[in-house]
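Colleague: Before I use this model, I would like to go through the words used to describe it and hear what stands behind each of them.

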Amino acid sequence: MFDSIHEECGVFGIYDPTHDNVAASTYFALYALQHRGQESCGIAVNDDGVFRSHRAPGLVPDVFSSDELARLGPGHMAIGHVRYSTTGNANVSNAQPLVVRHVKGNMALAHNGNLTNSFELRQQYELEGAIFHGTSDTEVIAHAITRARLEAGSIEKAVEQAMPMLKGAYSLVVMSPRKLIAARDPHGFRPLCMGETADGAVVFASESCALDSVGASFVRDIRPGEIVVATAEGVHSIDTHCGGPSGLCVFEFVYIARPDSVIEGSSVHEARQRAGAFLALEHPIQADVVIGVPDSGLDAALGYARQSGIPYGVGFIKNRYVGRSFIQPTQGQREDAVKIKLNAVRSVVEGKRVIMIDDSIVRGTTSARIVRLLREAGAKEVHMLVSSPPFKYPCYFGVDIDSQDKLIACRLHSVEEIAKENGADSLGYLSLESVRKIAKNAGCGFCDGCFTGHYPVEPPAATPKDKFEEKISK
């Protein structure tokens, strides 16, 4: 609906030997992770080796009624997933978790991230007789693990052997009849953490906010390259692939993650405020009020206001009941769509010099409409600041930025030109040096390839999504 970065996906897993209502816990956790994907969702429950699952397009409360949760039944293990597609189109075949029945037993898998060599692996597996039902790279991961499982002595050993074949970003939860496994790629592109409840349940989640929703305490982040296994005997770790350079996507802190999450030891809320403070130092502007574009621009605006001394104001009201499925069939309705989701607060901006802070500019069309809202509400000046550097390069690791042709920072040559196209009096971006410092005390390195063009992993010649969809269309 809007010109913005689409969220990632979210994964969750729970092993609870003392209770059997794991479907409800997974439901609440997925609700907490809904911001990471609104396209489809799913839950798979393990009842003593019997797997029951449900997945469908839509939001968590729409897909899972009380009757559907009851149908999933009791069990001591479950995994769940919320999805926004980056590789694989938007249909139920690509919804997760994937449930696989193979010669060694059942397996369920949920994945956050994007592989860079998924198309090549899929071609290899198909030539060897493998059958694929969808177009997602998650299905490629499932094949890699099940093939390794034929020779490996355990499911965790199969995951360990499959990991060197998988290039790119993946944070996984894998469920077998007796084990729940979490694994993270050696660069740690996507977050994944572990928690524990007072009753001894072990939980894995993309973000710590999901732990809070099920009453679990944060234990630690899964290390890049680590495999963590939860069984009736306890929890143990495999660190064969640990120790290399890490590269968490810095945009997790700028936009993707929920502000109440803590990732790699750093508060997302505080990171966004630091981004705003850096903006105030780099782009001092004479103005009357600082406002943020909901939601991730709000914390940055607060940080700017505190650093600059300019009053903070609530400049926009967001309609919480408009989702990404909102349809605008005509051009005129598309132009008015931003007015339905956002409305300027006239009493805050009228007659004032306004600093408006957003997390990013992608194509620029929505930014122009938001600036126009402020003009129509009587703003005397509109100065737009962005709490990230300009997007100039595609992302191959799970964020839906797949073409330079669509990026306004590539189409136009200067910041002044972008400001003019957006209708703003001035425009400023956060510097690359500052965005690397917003996550205070984070114990990891960062991937900033979408800003620099330098990636921790060699990018593919063409995006796997392009190749998959071209293959399907033929």
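This is a predicted model: local features need pLDDT of at least 70, side-chain atom pairs count only at pLDDT 80 or more; totals for chains, interfaces and linings use all residues.

Modeller: Residues are numbered from 1 along each chain as its sequence is written, and side-chain values use heavy atoms, with hydrogens and water left out.

Colleague: What makes the buried residues of α15 line one face of the helix?

Modeller: Helices here are DSSP runs of H or I with at least four residues, strands are runs of E with at least two, and both are numbered from the N terminus. In α15, which covers residues 415-422, the buried residues are Ile-418, Ala-419 and Asn-422, where buried means under 20% relative accessible area, exposed over 50% and partly exposed in between, with a 1.4 Å probe and protein chains only. Seen down the axis of α15, these buried residues fall within an arc of 100 degrees, so they line one face of the helix; the arc is that of the directions from the helix axis to the C-beta atoms. An α-helix has 3.6 residues a turn, so residues three or four places apart point the same way.

Colleague: Which residues and elements lie on either side of α15?

Modeller: The face turned away from the buried side carries the exposed residues Glu-416 and Lys-420, whereas the buried residues pack against α13 (365-376), β21 (381-386), α14 (408-411) and β22 (426-429), contact meaning heavy atoms within 4.5 Å. Just after α15, Gly-423 takes a positive phi of about 80 degrees.

Colleague: Why is α4 called oblique to α5?

Modeller: Helix α4 (residues 118-127) and helix α5 (residues 137-149) pack at an angle of about 50 degrees, with their axes 10 Å apart. Angles under 35 degrees count as roughly parallel, over 145 as roughly antiparallel, 65 to 115 as roughly perpendicular and the rest as oblique, and the angle found here therefore makes α4 oblique to α5. The contact is made by Ser-118, Leu-121, Arg-122 and Tyr-125 of α4 together with Asp-137, Val-140, His-143, Ala-144 and Arg-147 of α5.

Colleague: How do you know whether each of the two is buried or exposed?

Modeller: Glu-264 has a relative accessible area of 12%, and is therefore buried, while Asn-441, at 65% relative accessibility, counts as exposed.

Colleague: Which peptide bonds are cis?

Modeller: The bond from Gln-96 to Pro-97 is cis, with omega near 5 degrees, and so is the bond from Pro-294 to Asp-295, with omega near 0 degrees. Pro-97 belongs to the loop between β4 (77-83) and β5 (98-102).

Colleague: Why is Ser-53 called partly exposed?

Modeller: Its relative accessible area is 33%, which lies in the partly exposed range, so Ser-53 is given that name. Ser-53 lies in strand β3 (residues 50-57), and its C-alpha atom is separated by 6.4 Å from that of Leu-72, 19 residues apart along the chain.

Key:
Axes are lines fitted to C-alpha atoms, for helices over the stretch in contact, and angles run from 0 to 180 degrees between N-to-C directions.
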